[in-house]
Amino acid sequence: MRIRVAATVLSGAVVLSALAVPVAAQAAAGPSAKAELSSFFANSASAARTAHAANSAQTVRPKDGIGSITFSDGVVNGGKDIVLGTTTKKSVTVTYTATSSSGVAVTEAFLWQGTDPSSTDTITGALGTDDDPVCTESTTQTGVYSCKAVFNIDAAVDMVDNGVAGTWKIALGGYDLYASASFDDNVGTGKIKKASKLTVDATPEPVKKGKTITVTGKLTRANWNTGTYAGYASQKVQLQYRKKGSTTYTTLKTITAGTGGALKTTTKATADGYYRYSFATNATTGASTATGDYVDVK
């Protein structure tokens, strides 16, 4: 994933002929999103220190939100979790509002984890965009821009050794029409989670009514580093049943996944129907449900 930054003026009022956008795309070829993020924010902070030196002697940091542009209403993926398997390719939209009485020339957007986006040492994960976000000025409110950034995520490439599943923050930076730098490292948050999978096998089949059915299965989740699905132990999983002819599953019991994500429990045969396991989402892992396994009850 690579960022290409253009000094495009989004308002026709002013043309910036020499706007130097300080991102790693102007440095070595093919930098990581982590390097791009730290370079953008470190250099933007430097630009802001220079611009505001006459008014303030304090050190400017990205989290201070310095500059004429204020960023707000950041939303990741429409408010929905981003769930990635080992080879998932997904285009994720981040929307936000940029407001400035001095106009907006260009903005940049990142998804990141860590404590300080201006240093690679304090960034645990970062994702960038392939193209500049698109910002459109309101027709009724001067200086208010609705912006959209698209993150083309390839789990097999972007998530290997890049952060962990959980909460990611939106970092935004930009320049107004007078080349004043602005930035905010936490305009909103979103969840990036590992995909999970479930299997189920109910035996014996057929079975006599009232006899015991043994239901086995396995819970796994994506390991982005190895590109495989690994057993996910110590997680609560529901055993569910749907009677033949019905469209609704009911929960029979909740069990805990054992070593390697192994699942095993028993239940009494009552009528023809389907058995499945269901796992609810948690802070780092997406939900999953096994395809129901039919059991014929005699």
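**A loop residue and its setting**

Mentor: Ala179 is partly exposed, having a relative accessible area of 40%; here buried means under 20% relative accessible area, exposed over 50% and partly exposed in between, with a 1.4 Å probe and protein chains only. The model is predicted, so local features need pLDDT of at least 70 and side-chain atom pairs count only at pLDDT 80 or more, whereas totals for chains, interfaces and linings use all residues. Residues are numbered from 1 along each chain as its sequence is written, and side-chain values use heavy atoms, with hydrogens and water left out.

The backbone of Ala179 deserves attention: phi is positive, about 65°, although the residue is not a glycine. Ala179 sits in the loop between E8 and strand E9 (181-184); strands (E, at least two residues) and helices (H or I, at least four) are DSSP runs numbered from the N terminus. Ser234 also has a positive phi, near 65°, and is likewise a residue other than glycine. Its place is the loop between strand E13 (228-231) and E14, and at 58% relative accessibility Ser234 counts as exposed.

One runs from Thr203 to Pro204, with omega near -5°, and Pro204 belongs to the loop between strand E11 (196-203) and E12. The other joins Glu205 and Pro206, where omega is about 5°; Pro206 is in the loop between E11 and E12.

The C-alpha atoms of Lys218 and Thr199 are 5.3 Å apart, although 19 residues separate the two along the chain. Not counting residues up to four places away in sequence, Lys218 touches Lys197, Leu198, Thr199, Gly231, Gly260, Gly261 and Leu263, contact meaning heavy atoms within 4.5 Å.

How many salt bridges does a search of the whole structure find? The search finds two, a salt bridge being a side-chain nitrogen of Lys or Arg within 4 Å of a carboxyl oxygen of Asp or Glu. Side chains of opposite charge can pair when their charged atoms come close. In one of these bridges, the side chains of Lys193 and Asp81 meet at 2.8 Å, N to O. This pair links distant parts of the chain, since Lys193 is in strand E10 (residues 189-194) and Asp81 is in the loop between E1 and E2, 112 residues apart. Lys193 counts as buried at 5% relative accessibility, while Asp81 is partly exposed at 32%. Asp296 forms a salt bridge with Lys298, and the closest N and O atoms are 3.0 Å apart. Asp296 counts as buried at 17% relative accessibility, and Lys298 counts as exposed at 62%.

Arg242, in strand E14 (residues 236-243), is buried yet has no salt bridge: the nearest side chain of opposite charge, Asp293, is 11 Å away. For such charges, Lys and Arg count as positive and Asp and Glu as negative, with His and the chain ends not counted. The side chain of Arg242 does reach the backbone oxygen of Ser246, at 2.7 Å. Leaving aside neighbours within four places in sequence, Arg242 is in contact with Thr247, Thr248, Tyr249, Gly273 and Tyr274.

Finally, consider confidence. The chain has a mean pLDDT of 85, and 82% of its residues reach 70 or more; pLDDT is the predictor's confidence in each residue, from 0 to 100. Over residues 1-30 pLDDT stays under 50, and the model has 69 contacts beyond four places in sequence for them. Residues 52-65 also have pLDDT below 50, with 20 contacts in the model beyond near neighbours in sequence.

Methods. A polar contact is a pair of N or O atoms within 3.5 Å; within protein, one must be able to donate a hydrogen and the other to accept it, and residues adjacent in sequence count only if both atoms are side-chain atoms.
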